[in-house]
Amino acid sequence: MKPEILVLGSVWSPEVRAQVEQAFQCHFVPGIPVAGQPAFDAIAGGIRAVLTTGTLGVTRELVASLPALEIVSVHGVGVDAVPLALLADKGIHVTNTPDVLTDDVADFAVTLLLSAVRRLPLLDRYVRAGAWPAKAPLTQARSLKGKVAGIVGFGRIGQAVAQRLQDFGMEIRYYQRSPGPAPERRSASLLALAGESDMLVLCMPGGPETRHMVGLDVIEALGPEGTLVNIARGSVVDEAALVAALRDGRLGAAGLDVFEDEPNVPAALFALDNVVLTPHVGSFTVEARRAMGRLAVANLLAHFDGEPLPTPVI
Ligand code: 8YV
């Protein structure tokens, strides 16, 4: 008998679907199922694994309704949508998909930074609106070269971003709570880093420990000439403070791929020329998503074959 698994979300490629359908008895559900729904209650007792996305994760309630659960495989590097302590207590494994998305996410952080600093969407709108032949005024942008990039969260993705920005001629500084490589580049605090940096790129993990780490004080320390890029999680920024600061010029510009209440983006941002908005697409390339899908499935296969998990979190 094939193990029975829940596959949550609607991001699965035909390749992933074919792989899981071959190895498992699959129940595809677009969102998080809720106990009490007859169709779910009928299968819940037999579910031994959940394959889920980084943003959906699993809820405590879902875990409580799956008595036979052995493993949660997350398609993504961030596991902030998964109650890790609860799952560890129950002896349930959790895996994620690190490394295979690092380069594409780092490329995207640089894309957002350049787009915000050089105001790419504004220039695109300028041309489309016929403002060029009309000689409408256009102000000059700023360079990256010679500026200080502050990286918050100096893990795999943060370091990959740093490497790229160094090649643009930027000076790299960083902050994270734990000591990291190149200690001479680590600022004493996030607030200090924001004061020392022209551009801040957020690469830290989400979750309760980093919630609203970037508040009004950090935003104001970055200042009217500063640029903020967030490819981490919406939860790491006090979004209301960010919107207000962008609106009244206390922060220069921002490039945002993630938001507090995805897919809902504060409507106040839509009217602002100093912000670039994208729909959580850092790893959204054919290559990264293919590799993430394969790794997420490989973790499930290894578990049921009794092999070591390729990329365990717990
Ligand atoms: C995806 C992500 O949006 O890896 C992460 O943590 O946020 C993204 O790559 C998501 O996990 C896709 O399932």
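How exposed is Asp-103, given as a relative accessible area? Asp-103 has a relative accessible area of 47%, and is therefore partly exposed. I shall return to this residue after an outline of the structure, which is a predicted model.

Let me begin with the domains. The protein chain is divided into two parts: domain 1 comprises residues 4-96 together with 286-305, and domain 2 comprises residues 101-277. The centres of the two domains, taken over C-alpha atoms, are 32 Å apart. Where they meet, seven residues of domain 1 contact eight residues of domain 2.

The size of an interface is often given as the accessible area lost when the parts come together. Between domain 1 and domain 2 the buried area is about 580 Å², and carbon and sulfur atoms contribute 60% of it. On the side of domain 1, Val-77, Asp-80 and Ala-288 supply 65% of the area buried against domain 2, more than any other three residues.

I turn now to charged pairs. Side chains of opposite charge can pair when their charged atoms come close. Across the interface of the two domains, one salt bridge is found, and one residue pair is in polar contact. By class, the side of domain 1 that touches domain 2 holds three nonpolar, three polar and one charged residues.

Asp-80 forms a salt bridge with Arg-233, with the closest N and O atoms 3.0 Å apart. Arg-233 lies in the loop between strand S9 (227-230) and helix H10 (239-247), while Asp-80 lies in the loop between strand S4 (71-75) and helix H4 (84-89), so the pair ties together parts that are 153 residues apart in sequence. Arg-233 counts as buried at 16% relative accessibility, whereas Asp-80, at 30%, counts as partly exposed.

In the whole structure, twelve salt bridges are found. One of them joins the side chains of Arg-294 and Glu-15, at 2.7 Å from N to O. This pair links distant parts of the chain, since Arg-294 is in helix H11 (residues 286-305) and Glu-15 in helix H1 (residues 14-23), 279 residues apart. Arg-294 is partly exposed, at 42%, and so is Glu-15, at 29%.

Finally, I come back to Asp-103. Its partner in a salt bridge is Arg-164, with the closest N and O atoms 3.1 Å apart. Asp-103 lies in helix H5 (residues 102-117) and Arg-164 in helix H7 (residues 156-167), so this pair ties together parts 61 residues apart in sequence. Arg-164 counts as buried, at 18% relative accessibility. Asp-103, Asp-107 and Arg-164 are linked in a network of salt bridges.

How values were computed: Residues numbered from 1 in each chain as written. Predicted model: local features only at pLDDT ≥ 70, side-chain atom pairs only at ≥ 80, totals over all residues. Heavy atoms only, no water. Domains from an automatic or database assignment. Contact = heavy atoms within 4.5 Å. Buried area = accessible area lost by both parts, 1.4 Å probe. Salt bridge = Lys/Arg side-chain N within 4 Å of Asp/Glu carboxyl O. Polar contact = N/O pair within 3.5 Å; in protein donor to acceptor, adjacent residues only side chain to side chain. Nonpolar A, V, L, I, M, F, W, Y, C, P; charged D, E, K, R; others polar. Helix = DSSP H or I, 4+ residues; strand = E, 2+ residues; numbered from the N terminus. Buried < 20%, exposed > 50% of the residue type's maximum accessible area, 1.4 Å probe, protein only.
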